[in-house]
Amino acid sequence: MKKLKAGGGWQAVRYTFRKGIEAGGLWKLYKALRSRNACKTCALGMGGQHGGMVNEHGSFPEVCKKSIQAMAADMQPAITADFWKKHPIHQMRQYTPRQMEMSGRLIQPILYEQGAESYRTVTWNEALDRIAAQLKKLTPDETFWYFSGRSSNEAGFLLQLLARLFGTNNVNNCSYYCHQASGVGLQSTLGTGTATLVLDDLEECDTVFIIGGNPPSNHPRLMTTLMHVRRRGGKIIVINPLRELGLIRFKVPSDPISMLFGTNIATHYLQPHIGGDLAAMAGIAKAVLELGAEDTSYMREYCDRWEEYVAGIRSTSWKEICEKSGLTEKELRQVADVYAESKGSVFSWTMGITHHTHGVENVQGIVNLALLRGMIGRKGAGMMPIRGHSNVQGIGSVGVTPKLKDEIFDNLQTHFGVRLPTQPGRDTLECMEAAARGEIKFTFCLGGNLYGSNPDSQFADKAMASLDMLVMLNTTLNTGHANGLAKTTIVLPVLARDEEPEPTTQESMFNFVRVSDGGPRRLPGPRSEVHIIAELGRRLFGDVSPIDWGEMEKTQTIRHWIAKVVPGYEQIEHVGATKQEFQVGGRTFHTPVFKTPNGRAQMVSHALPELSVLGPNQLRLMTVRSEGQFNTVVYEDYDLYRHQERRDVILMHPEDLKRMGLEHDSLVTVTSEAGQMRGILARGYDDIRAGCAMMYYPESNVLVPRSVDPKSRTPRFKNITVTIAGEGRG
């Protein structure tokens with residue numbers, strides 16, 4: 001594999017042509033991408049009523065490999081009935097995530113019963129009858145309802161309503177394992193759980209912080225915006241233990257100049273210890289205070305506990321900051337100098353910040369740094385958690401959380417006369433642990449890969465295998481269809497977003513609601529998620545429920561409900577007819593008025609977390625995604641930007657390789673408190689900080705312990721102490 005000098009570029013163009021051939025022709029793929037549907041991948045929110053490959057400004061062409069990969073996967077041929085006998089369960093368990101994804105489109109309901117060698121196809125009636133019959137045997141709190149960000153607002157709202165009418169609040173979305181720490185951290189400080197800015201603000205800022213994230217691989221569309229920041233003389237500050245190629249230099253395919261000459265991205269690049277981010281934020285803040293660049297008048301007028309925070313930062317020694325961050329005082333002061341001169345700074349982060357046992361504190365530390373200079377509640381500045389999936393934010397907005405927001409709860413009961421449960425709901429990991437104890441007996445998954453997204457894979461397999469029934473709604477296969485199978489497992493094939501028979505909506509990470517028109521089905525068999533949920537509601541509740549389940553098959557009816565009960569979503573009622581996409585009300589703001597109880601931002605002081613002490617053969621591990629991957633879905637086994645042709649590797653600094661008496665490509669066993677992986681290739685990687693290591697998710701989840709951030713319950717997929725033992729030459 002040729003080592004690249006920049007991300008993006010001609011290799012991205014060649015890849016597009018290759019995927020076009022796989023999808024049945026480049027023109028066919030182009031037409032699919034240009035349909036009036038929101039992009040299926042990241043939450044930057046391409047597409048909608050401007051047509052695909054277009055952002056909220058109407059800028060064209062804006063497309064990335066993620067959307068091309070997802071679309072091509074949905075354009076695969078069907079998995080036929082004879083597939084299941086040819087691929088028994090024991091064989092499927094050996095398949096890689098990519099092999100599962102590339103098996104084709106699901107078109108028939110399939111059933112697995114414990115003891116059988118393989119799945120078998122069943123009719124829709126048999127599948128739905130079995131699900132309804134199983135639910136009627138159970139108490140509500142013996143059930144768990146899990147939602148992916150791939151679904152629509154309409155499907156998400158309807159299923160959470162069904163679950164609560166059934167009598168449980170065990171309702172969880174996939175963000176609990178990724179960005180829940182962002183929501184909790186932002187809510188506790190600013191009174192909002194989402195971005196405080198709009199896309200326009202990114203076009204006006206002069207400084208962007210990218211903390212614990214890798215947009216070139218995971219959110220490539222953002223690279224156009226970063227290119228614009230650099231061209232107008234702005235600064236981009238990256239904080240990441242890994243030096244990522246695309247954050248150094250990137251060639252934006254939609255821009256001829258960038259394609260020819262490339263674009264330098266990061267102006268400053270800090271490589272802290274894994275787990276050293278909060279100390280890094282404290283160091284930048286300390287240097288800003290020593291420069292006298294803080295905005296005291298802003299803090300005095302709009303912030304609580306700012307004096308305590310400032311005093312705490314001033315009293316923290318540079319020695320402690322440098323030891324716990326892994327950065328030098330000089331490095332931190334250089335970044336602080338840039339920040340002190342900034343007129344508008346945007347702070348962005350992803351799971352490198354949230355996947356820690358102090359993930360909420362990390363987010364609060366970033367908020368503190370922004371408030372220190374008054375960078376929240378003004379144009380061209382603010383907070384931007386980079387959401388992973390295209391509608392994970394919308395799924396949360398419409399009520400997919402264990403506890404409904406009080407306004408939604410009250411509005412549902414007042415406007416529609418439904419009676420909702422009040423007992424506390426369990427979060428995702430609590431439900432998994434309850435399943436292992438036999439307390440949860442039924443799980444319903446609206447998309448996603450619950451098995452693959454869990455920490456401690458061996459435990460996840462055991463917990464899910466303890467279920468009486470597992471139901472999954474998917475378009476394609478994933479590792480969760482071969483591992484963690486319940487006594488009875490049913491997989492229902494669903495339509496992709498651009499195949500829906502009626503319009504649906506999705507919400508971008510900028511709080512912008514997009515309309516997807518749907519389109520013709522590609523294959524016979526799959527059904528709309530909304531229709532499946534409504535049919536299940538009819539079988540469970542019949543005519544006794546206050547809901548007309550026949551009417552609930554219409555997405556317009558569901559939008560009427562959402563408009564009446566979800567604050568800020570009032571405009572959704574008519575969006576199917578008007579096609580007028582809109583910003584969710586009350587989320588983003590350009591004045592410093594906060595939705596906290598007293599209307600003031602809350603600055604939170606922290607003790608800097610201790611770093612784990614490493615033994616001679618130990619490293620701090622982070623699990624990561626590759627350039628050819630989206631969430632748990634692996635489209636390509638190679639990682640182009642990190643110059644890796646395979647995924648069964650552990651990347652570490654050459655100094656660590658030498659220190660452990662290993663050579664490049666030595667076979668090693670990697671052990672953590674949670675589990676062990678044998679036959680892994682240890683590779684020297686100059687771009688990672690010494691003392692750190694990285695392995696690919698979800699394969700390395702077997703090493704991830706079930707320890708969580710106590711405030712958000714987000715698992716610790718980063719900062720795992722692992723021991724390396726050599727096995728010999730690979």
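Is Glu142 buried or exposed? At 16% relative accessibility, Glu142 counts as buried, where buried means under 20% relative accessible area, exposed over 50% and partly exposed in between, with a 1.4 Å probe and protein chains only.

This is a predicted model, in which local features need pLDDT of at least 70 and side-chain atom pairs count only at pLDDT 80 or more, while totals for chains, interfaces and linings use all residues. Residues are numbered from 1 along each chain as its sequence is written, and side-chain values use heavy atoms, with hydrogens and water left out.

**Salt bridges**

Glu142 meets the side chain of Lys441 in a salt bridge, with 3.3 Å from N to O; the term stands for a side-chain nitrogen of Lys or Arg within 4 Å of a carboxyl oxygen of Asp or Glu. Because Lys441 lies in the loop between α24 (428–436) and β14 (442–446) and Glu142 in the loop between α7 (124–136) and β4 (143–147), the pair ties together parts that are 299 residues apart in sequence. Helices (H or I, at least four residues) and strands (E, at least two) are DSSP runs, numbered from the N terminus. Lys441 itself is partly exposed, at 27% relative accessibility.

Lys324 takes part in a salt bridge with Glu320 and also in one with Glu610. Lys324 and Glu320 both belong to helix α18 (residues 318–325), where they are four residues apart, about one turn of the helix. Lys324 is buried, with a relative accessible area of 10%, whereas Glu320 counts as partly exposed at 27%. The side chains of Glu610 and Lys324 meet in a salt bridge. This pair links distant parts of the chain, with Glu610 in the loop between β20 (601–602) and β21 (618–624) and Lys324 in helix α18, 286 residues apart. Glu610 is exposed, at 64% relative accessibility.

| Salt bridge | N to O distance |
|---|---|
| Lys441 and Glu142 | 3.3 Å |
| Lys324 and Glu320 | 2.9 Å |
| Glu610 and Lys324 | 3.2 Å |

Over the whole structure, the search finds 52 salt bridges. A network of salt bridges links Lys40, Asp74, Arg105, Asp498, Glu499 and Arg522.

**Helix α3**

Asp74 is also one of the buried residues of α3, a helix covering residues 65–74 that is mostly covered, with ten of its ten residues buried. Among the elements that cover these buried residues, by contact (heavy atoms within 4.5 Å), are α1 (10–22), α2 (26–33), α6 (97–101), α11 (215–218) and β22 (629–630).

**Cysteines**

A search of the whole structure finds zero disulfides, a disulfide being a pair of cysteine sulfur atoms within 2.5 Å. The sulfur of Cys431 is 11 Å from the closest cysteine sulfur, that of Cys445, which is too far for a bond. Cys431 is buried, with a relative accessible area of 1%, and Cys205 is buried with a relative accessible area of 1%.

**Pockets**

On a 1 Å grid over the protein atoms alone, a pocket is an open set of points where a 1.4 Å probe fits, with protein on both sides within 12 Å along at least five of seven lines, and lining residues have an atom within 4 Å of a point. The largest pocket has a volume of about 1300 Å³, a volume being the space filled by probe spheres set on the points. Of its 46 lining residues, the closest to the centre are Gln187, Gly396, Thr401, Lys403 and Lys405. The largest share of this lining, five residues, comes from α9.

The second largest pocket has a volume of about 750 Å³. Its lining holds 28 residues, of which Arg93, Tyr95, Pro97, Tyr451 and Glu699 are the closest to its centre. Elements that give two or more residues to this lining are α25 (450–453), α26 (457–465), β26 (676–684) and β27 (692–696).

**Backbone geometry**

Most residues other than glycine have a negative phi, and most peptide bonds are trans. A cis peptide bond joins Tyr697 and Pro698, with omega about 10°, and Pro698 is in the loop between β27 and β28 (718–729). Asp456 has a positive phi near 50°; Asp456 is placed in the loop between α25 and α26 and is buried at 9% relative accessibility. Asn719, in strand β28, has a positive phi near 65° and counts as buried at 13% relative accessibility.
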